Amino acid sequence: MKNIFITGCCGYIGSHTCIELLESSYEIVGLDNSSNSKREVLDKIKQITNKEITFYEGNMLDKVLLEKIFTENEVSLVIDFAAYKAVGDIDECYADSSLAEKELN
Ligand SMILES: NC(=O)c1ccc[n+]([C@@H]2O[C@H](COP(=O)([O-])OP(=O)(O)OC[C@H]3O[C@@H](n4cnc5c(N)ncnc54)[C@H](O)[C@@H]3O)[C@@H](O)[C@H]2O)c1
(Lines give C-alpha, C1' and ligand atoms only; values in the text may rest on other atoms or scores of the structure.)
Protein backbone atom coordinates (compact mmCIF):
# COMPACT_ATOMS: atom_id res chain seq x y z
CA MET A 1 0.00 0.00 0.00
CA LYS A 2 1.41 3.37 -0.99
CA ASN A 3 1.68 6.13 1.60
CA ILE A 4 1.18 9.57 0.12
CA PHE A 5 2.28 12.62 2.12
CA ILE A 6 -0.02 15.59 1.52
CA THR A 7 0.88 19.01 2.88
CA GLY A 8 -2.03 21.42 3.34
CA CYS A 9 -4.25 18.35 3.74
CA CYS A 10 -7.03 20.28 5.51
CA GLY A 11 -7.31 22.95 2.83
CA TYR A 12 -9.71 23.01 -0.08
CA ILE A 13 -7.64 21.17 -2.66
CA GLY A 14 -5.78 19.05 -0.10
CA SER A 15 -8.89 17.71 1.60
CA HIS A 16 -10.56 16.78 -1.70
CA THR A 17 -7.37 15.08 -2.81
CA CYS A 18 -7.27 13.12 0.45
CA ILE A 19 -10.82 11.89 -0.17
CA GLU A 20 -10.11 10.80 -3.74
CA LEU A 21 -6.91 9.00 -2.76
CA LEU A 22 -8.43 7.29 0.31
CA GLU A 23 -11.30 6.09 -1.87
CA SER A 24 -8.71 4.71 -4.27
CA SER A 25 -7.16 2.71 -1.40
CA TYR A 26 -4.09 4.84 -0.82
CA GLU A 27 -2.97 5.66 2.69
CA ILE A 28 -2.45 9.31 3.55
CA VAL A 29 -0.03 11.06 5.83
CA GLY A 30 -1.18 14.67 6.17
CA LEU A 31 0.39 17.86 7.47
CA ASP A 32 -1.34 21.18 8.06
CA ASN A 33 -0.64 24.12 10.35
CA SER A 34 -4.34 25.12 10.51
CA SER A 35 -3.46 28.64 9.39
CA ASN A 36 -6.24 28.61 6.79
CA SER A 37 -8.33 25.59 7.71
CA LYS A 38 -9.84 23.78 10.65
CA ARG A 39 -8.99 20.40 12.11
CA GLU A 40 -12.70 19.51 11.86
CA VAL A 41 -12.00 18.87 8.18
CA LEU A 42 -10.34 15.64 9.30
CA ASP A 43 -13.68 14.49 10.80
CA LYS A 44 -15.45 15.29 7.52
CA ILE A 45 -12.85 13.28 5.59
CA LYS A 46 -13.45 10.36 7.95
CA GLN A 47 -17.24 10.69 7.65
CA ILE A 48 -17.08 10.60 3.85
CA THR A 49 -14.50 7.86 3.40
CA ASN A 50 -14.78 5.89 6.64
CA LYS A 51 -10.99 6.04 6.75
CA GLU A 52 -8.53 8.09 8.76
CA ILE A 53 -5.39 9.82 7.70
CA THR A 54 -2.24 9.94 9.79
CA PHE A 55 -2.24 13.62 10.70
CA TYR A 56 0.51 15.92 11.93
CA GLU A 57 -0.29 19.50 12.91
CA GLY A 58 2.57 21.86 12.20
CA ASN A 59 4.46 24.01 9.79
CA MET A 60 6.06 22.44 6.75
CA LEU A 61 9.06 24.72 7.35
CA ASP A 62 9.74 22.80 10.55
CA LYS A 63 12.64 20.58 9.52
CA VAL A 64 12.57 18.56 12.73
CA LEU A 65 8.89 17.79 12.20
CA LEU A 66 9.51 16.79 8.58
CA GLU A 67 12.28 14.43 9.67
CA LYS A 68 9.93 12.90 12.25
CA ILE A 69 7.21 12.41 9.63
CA PHE A 70 9.60 10.75 7.18
CA THR A 71 11.07 8.57 9.92
CA GLU A 72 7.69 7.42 11.21
CA ASN A 73 6.12 6.82 7.79
CA GLU A 74 7.29 5.14 4.62
CA VAL A 75 6.36 7.88 2.18
CA SER A 76 6.20 7.03 -1.54
CA LEU A 77 5.04 10.35 -2.89
CA VAL A 78 4.72 13.96 -1.71
CA ILE A 79 1.95 16.30 -2.87
CA ASP A 80 2.49 19.86 -1.68
CA PHE A 81 -0.65 21.99 -1.27
CA ALA A 82 0.49 24.01 1.76
CA ALA A 83 0.41 27.56 0.51
CA TYR A 84 -1.32 30.88 0.83
CA LYS A 85 -3.20 31.92 -2.23
CA ALA A 86 -4.47 35.41 -1.42
CA VAL A 87 -2.66 38.18 -3.32
CA GLY A 88 -1.72 39.95 -0.08
CA ASP A 89 0.03 36.84 1.14
CA ILE A 90 2.10 36.32 -1.99
CA ASP A 91 5.48 37.48 -0.65
CA GLU A 92 5.19 35.39 2.48
CA CYS A 93 3.77 32.51 0.48
CA TYR A 94 6.63 32.55 -2.02
CA ALA A 95 9.28 32.68 0.67
CA ASP A 96 7.61 29.93 2.68
CA SER A 97 6.99 27.68 -0.30
CA SER A 98 10.52 28.03 -1.63
CA LEU A 99 12.04 27.18 1.72
CA ALA A 100 9.65 24.33 2.30
CA GLU A 101 10.26 22.77 -1.08
CA LYS A 102 13.99 22.80 -0.35
CA GLU A 103 13.26 20.94 2.88
CA LEU A 104 11.07 18.39 1.09
CA ASN A 105 13.77 17.80 -1.55
N1 LIG B 1 -8.40 26.55 -4.84
C2 LIG B 1 -8.20 26.58 -6.16
O3 LIG B 1 -9.13 26.73 -6.97
C4 LIG B 1 -6.81 26.40 -6.69
C5 LIG B 1 -6.63 26.30 -8.08
C6 LIG B 1 -5.35 26.13 -8.60
C7 LIG B 1 -4.27 26.04 -7.73
N8 LIG B 1 -4.47 26.14 -6.40
C9 LIG B 1 -3.28 26.06 -5.53
O10 LIG B 1 -3.38 24.90 -4.71
C11 LIG B 1 -2.76 25.19 -3.44
C12 LIG B 1 -3.77 24.95 -2.32
O13 LIG B 1 -4.90 25.79 -2.54
P14 LIG B 1 -6.20 25.65 -1.64
O15 LIG B 1 -7.30 26.33 -2.38
O16 LIG B 1 -6.40 24.23 -1.19
O17 LIG B 1 -5.77 26.58 -0.40
P18 LIG B 1 -6.21 26.45 1.13
O19 LIG B 1 -5.82 27.71 1.79
O20 LIG B 1 -7.64 26.02 1.23
O21 LIG B 1 -5.30 25.25 1.63
C22 LIG B 1 -3.94 25.42 1.97
C23 LIG B 1 -3.71 24.68 3.27
O24 LIG B 1 -2.32 24.75 3.58
C25 LIG B 1 -2.18 25.04 4.97
N26 LIG B 1 -0.88 25.70 5.11
C27 LIG B 1 -0.49 26.92 4.63
N28 LIG B 1 0.79 27.14 4.92
C29 LIG B 1 1.25 26.05 5.60
C30 LIG B 1 2.50 25.70 6.16
N31 LIG B 1 3.57 26.51 6.10
N32 LIG B 1 2.63 24.48 6.78
C33 LIG B 1 1.56 23.65 6.85
N34 LIG B 1 0.33 23.92 6.33
C35 LIG B 1 0.19 25.12 5.72
C36 LIG B 1 -3.38 25.89 5.35
O37 LIG B 1 -3.73 25.81 6.72
C38 LIG B 1 -4.47 25.27 4.46
O39 LIG B 1 -5.16 24.24 5.13
C40 LIG B 1 -2.29 26.66 -3.50
O41 LIG B 1 -0.94 26.66 -3.91
C42 LIG B 1 -3.17 27.26 -4.59
O43 LIG B 1 -2.57 28.37 -5.20
C44 LIG B 1 -5.71 26.30 -5.86
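Me: Which residues of H1 are buried?
Reply: Gly14, Ser15, Cys18, Leu21 and Leu22. Buried means 20 or more other C-beta atoms within 10 Å of the residue's own, exposed means 12 or fewer, and partly exposed is in between, with C-beta atoms placed from the backbone. This is a predicted model: local features need pLDDT of at least 70, side-chain atom pairs count only at pLDDT 80 or more, and totals for chains, interfaces and linings use all residues. Residues are numbered from 1 along each chain as its sequence is written.

Me: Why do the buried residues of H1 line one face of the helix?
Reply: Seen down the axis of H1, they fall within an arc of 130 degrees, so they line one face. The arc is taken from the directions from the helix axis to the C-beta atoms.

Me: And which residues are exposed on the other side of H1?
Reply: Glu20 and Glu23.

Me: What do the buried residues of H1 pack against?
Reply: Strand E1 (3-7), strand E2 (27-32) and helix H2 (40-49). Contact means C-beta atoms, placed from the backbone, within 7 Å. Helices (H or I, at least four residues) and strands (E, at least two) are DSSP runs, numbered from the N terminus.

Me: New topic. In which sense do E2 and E3 pair?
Reply: Parallel, over 4 bridges; E3 is residues 54-57. Pairing needs at least two DSSP bridges between the strands. Leu31 has Tyr56 in E3 as its bridge partner.

Me: Where is Ala83?
Reply: In the loop between strand E4 (77-80) and helix H4 (90-104).

Me: Why is Ala83 partly exposed?
Reply: Because 19 other C-beta atoms lie within 10 Å.

Technical notes
Contact = placed C-beta atoms within 7 Å.
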